[in-house]
Amino acid sequence: MLMSKPQILLADNSDSFSQTCAEYLQMFGYLVRRVFTPEECSEALQKGLVHLAILDLRMRDDKDEMDVSGLALAKQCNPLIPKIILTMFPTWQTVRESHNTVGSEMAPAVSYVDKAEGLEVLLDHVRSAFDQHVRINWDLEIDWKTNDRFFLATAVEPGLASEIVSDRAGEMEDLFRRLFRSYDRIRISELLWRRSDRLALKVFAIAKGKISESLLVVCGRRDQVKNEARRYGDHAPRSPLSGAAALHSTAETTHFAANAHAAGGFDLENVRTLKDLYRSETRAFNEAVKTLYDQTLAEWSAGKKEIEESRSLDVLYRAGLGLDPAQIDRAGLNTKIQSLIRRLPILGLRAELRDGELKLRFNESSFSYPDPTPFIFKASSIGQPVVLINAPGALSGDNVLIDRDGRVLLTDFAGAGPAPSLWNYVTLEAEIRFDWTESSNLRQSHDQEQCLVEDNFTRFDLHGFDASLQKPMRAVQQVRLAVFNEAAPDFLPYHLGLFYHAASRLVAAPFEQHLTNAELARMARLLMSAAMIARLLSQSLSPSVKSPGPVETGIRLDMENFNVWVDGAKVRLTRQEFKLLAYLYARANQLCATSEIMEQVLEYKHYDERQETNAHMAISRLRRKIEPHPHSRCYIQNDRGMGYRLILDPPTSPKQ
Amino acid sequence: MRFILLDGDEESDWTKFLADALAPLGTLRVARAGEWMRLEGDEPDGLILIDATAVENVEELVSSLRLERPARRIVVMTASPTWRRARAAFEAGAIDYLHKTLSWDELRKAFEQILDRPAPPWPGSDQNKG
């Protein structure tokens, strides 16, 4: 167990008095840090670990009757730290000012002592101040497990200067001692999630004579955690089905704060995160997604729909993701994307971003999309009018917990409040698609994104995709099944949300020279997805900003999985049609006699006019599928009386 | 707003002066320490004034009032302020300690400031986070 000791800051310009006073207080177990000027004192109160401050009233000049620098400091600095005013020149006016709450909820000082009263009296006041105002449980036994106070402090405040890490770690320990003031022992268990300024932990607390309690503790930077508590109070439904565990207690220190939520009936020891379920239990994941949307989030939004009057959907999405166009370094983003593009050949993709166009070239085919970056900055009228619902904030795989009975527990309320109606769905799909999908096969990733952006909203053809891509697609399908009624018939607002999710990840991605292939593939996926959605968006904007048009050209066959793409669009063929096309494809640009087709494809051992008619009809059915429109390119040519020829790169002129 | 002066002399010049000075802010009523609760029902936010010269043990009275009504704002007024008595009054739970001035403006300004601020968080209350 790490021991925490009461720490006092003693600010007095008299070295000899300060020395005597410090030595005396140290005899009674206090750690005393001495400072001699208001400036030193101010810095220590803002940065250091201080439980109580003793401030000399005349800190600059004992002979100056106008010097009330100690009192001025007490008024200005850190109201969370209780202060005692110490003086050789007591007056009823300075007593009054020390205790006066004008302009603040807290009085500048909790106590006032005349030096002439002696050190014993000062000690009494110090003890009383600790008892009444420093609400720390010094006797609490803390079992930190692997998440010790140093780890927690640096996790929520990365980049701390080494000389203050120890103070911050002490402050983090204080935070738990304040939060669990009425307990005897706590065990800090698993780290559930971690953001840049906050993290969530499972904590088990024991008080003598009571059964152990499971609590979910969110701790982190003070303002952010306090804001989360406020948002929880303002927006969380009181219904037990809402997955919003009751706020049990809060605590704060100079730099940190913590909110403890009572897990209620949830067995925190045995809950799993949504992402855990995704990884290992598909059925449980699907059920959890259903419960999450049909029950938990339905409780949040019940009867709380309203129309947003002033902001458009793109503005709301960007705000929700912290994607402020004014703060984005456009040149830096472009450099980052160009750098990414230069490294993609290692994954089998040659890409080029030039003149507003993103060209992707895989071995056998090429694609063209609009450059997605301008769309990050464009205003859009898509999704108007915007319907707002009450939402818990940003859902993710680690902040949604599921217990053994399939009940859902939400844990992150920093973004709780009104949000666009599709927000909860878009956020989870984005996480599945952009963060959980692991594939370095960019060709398949491209086709996956194309399927998710351009195919049927809820029905995907998963054939031909690796298992590593089928899994996220199935998960996305669950989310989309849940949102279908809300989103249909216009899915563009949904895709718009995903565009900003992809864009915000691209903007936030680190610009590093040494990305792993997996990281590179993830960024490429983000870029491809953003570009594909940009093409959708461009179709809804003015002609001047429309995309440079499609697309992959030609015919592509996946022989293993019987998949066919024509001009970038997937075509569904019967087995016989596929066999016929594959036969012609293998002999591309060559004449294939009708008799040959009858023997090799249709497998007629004997044939007459009837079988020949069947062969012509089979060709006709295939043509209807691969050349569906009058303006489709003519891939299959008929050499009358002789047979057929598959042309891989026919002219684009309309059919006659 | 009602001001409740405990154990004051209703007929004294000071009480009359105080009532006049506070008139723009509210009504001053005088009550015995044991009876004041009879008046508070009419004015739950009323300010309690204690004239230190009329009370034998100011700190004891403030402490007992604070115990009975933790959220009630209490002001001690005295003609002869000292730093020790001021400290004792605040430690007992007074929200302010005022000199019995004969300036209407000073008095009114002091009470306006007092009325503007909430009762401070008292030790032991949930609001208090050291």
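A residue is taken as buried if 20 or more other C-beta atoms lie within 10 Å of its own, as exposed if 12 or fewer do, and as partly exposed in between, with C-beta atoms placed from the backbone. By this criterion, buried residues make up 42% of the 656 residues in chain A. The model is predicted, and local features are reported at pLDDT of at least 70 and side-chain atom pairs at pLDDT 80 or more, whereas totals for chains, interfaces and linings use all residues. Residues are numbered from 1 along each chain as its sequence is written, and chains are lettered from A and ligands numbered from 1 in the order in which they are written.

Chain A contains 21 helices and 26 strands, where helices (H or I, at least four residues) and strands (E, at least two) are DSSP runs numbered from the N terminus. Its radius of gyration is 34 Å, well over the 26 Å that the globule rule gives for 656 residues, so chain A is more spread out than a compact globule. The radius is taken over C-alpha atoms, and the globule rule is 2.2 Å times the number of residues to the power 0.38. The C-alpha trace of chain A spans about 125 × 55 × 45 Å along its principal axes. Of the contacts in chain A with a separation of 6 or more, 67% are accounted for by residues 24 or more positions apart; a contact requires that the C-beta atoms of two residues, placed from the backbone, lie within 7 Å.

An open sheet in chain A is formed by five strands in the order S2-S1-S3-S4-S5, with parallel pairing. Strands S2 (31-35) and S5 (111-114) of chain A stand at the edges with a single partner strand each, so one side of each has no neighbour in the sheet. From one strand to the next, the twist averages 20°. Two strands are counted as paired if DSSP finds at least two bridges between them. Strands S3 (residues 52-56) and S4 (residues 83-87) of chain A run parallel and are joined by four bridges. A:Asp56 has A:Leu86 in S4(A) as its bridge partner. Helix H5 (residues 119-133) of chain A packs on the sheet, where it touches S3, S4 and S5 of chain A, and its direction makes about 170° with that of S5(A). Axes here are lines fitted to C-alpha atoms, for helices over the stretch in contact, and angles run from 0 to 180 degrees between N-to-C directions.

Helix H4 (residues 92-99) of chain A is mostly covered, with six of its eight residues buried. These are A:Thr94, A:Val95, A:Arg96, A:Glu97, A:Ser98 and A:His99. The cover over the buried residues of H4(A) includes elements of both chains: helix H3 (69-76), S4 and S5 of chain A, together with helix H4 (83-92) and strand S5 (96-99) of chain B.

Helices H12 (residues 330-343) and H18 (residues 517-538) of chain A have axes that come within 10 Å and cross at roughly 120°. H12(A) and H18(A) are therefore oblique to each other, given that angles under 35 degrees count as roughly parallel, over 145 as roughly antiparallel, 65 to 115 as roughly perpendicular and the rest as oblique. The contact involves A:Ile337, A:Leu340 and A:Arg343 of H12(A) and A:Leu520, A:Met523, A:Ala524 and A:Leu527 of H18(A).

The peptide bond from A:Gln384 to A:Pro385 is cis, with omega near -10°. A:Gln384 lies in the loop between H13 and S17 of chain A and counts as exposed, with 11 C-beta neighbours inside 10 Å. Neighbours within four places in sequence aside, A:Gln384 is in contact with A:Ser312 and A:Leu313. A:Gln384 and A:Pro493 are 109 residues apart in sequence, with a C-alpha to C-alpha distance of 8.8 Å. The peptide bond from A:Ala488 to A:Pro489 is also cis, with omega near 0°, and A:Pro489 is found in the loop between helix H16 (467-487) and helix H17 (492-508) of chain A.

Positive phi values occur in residues other than glycine. For A:Asn78, in the loop between H3 and S4 of chain A, phi is near 35°. A:Asn78 is partly exposed, with 17 other C-beta atoms within 10 Å. For A:Glu603, phi is near 60°; A:Glu603 lies in the loop between helix H20 (594-600) and helix H21 (609-626) of chain A and counts as exposed, with 9 C-beta neighbours inside 10 Å.
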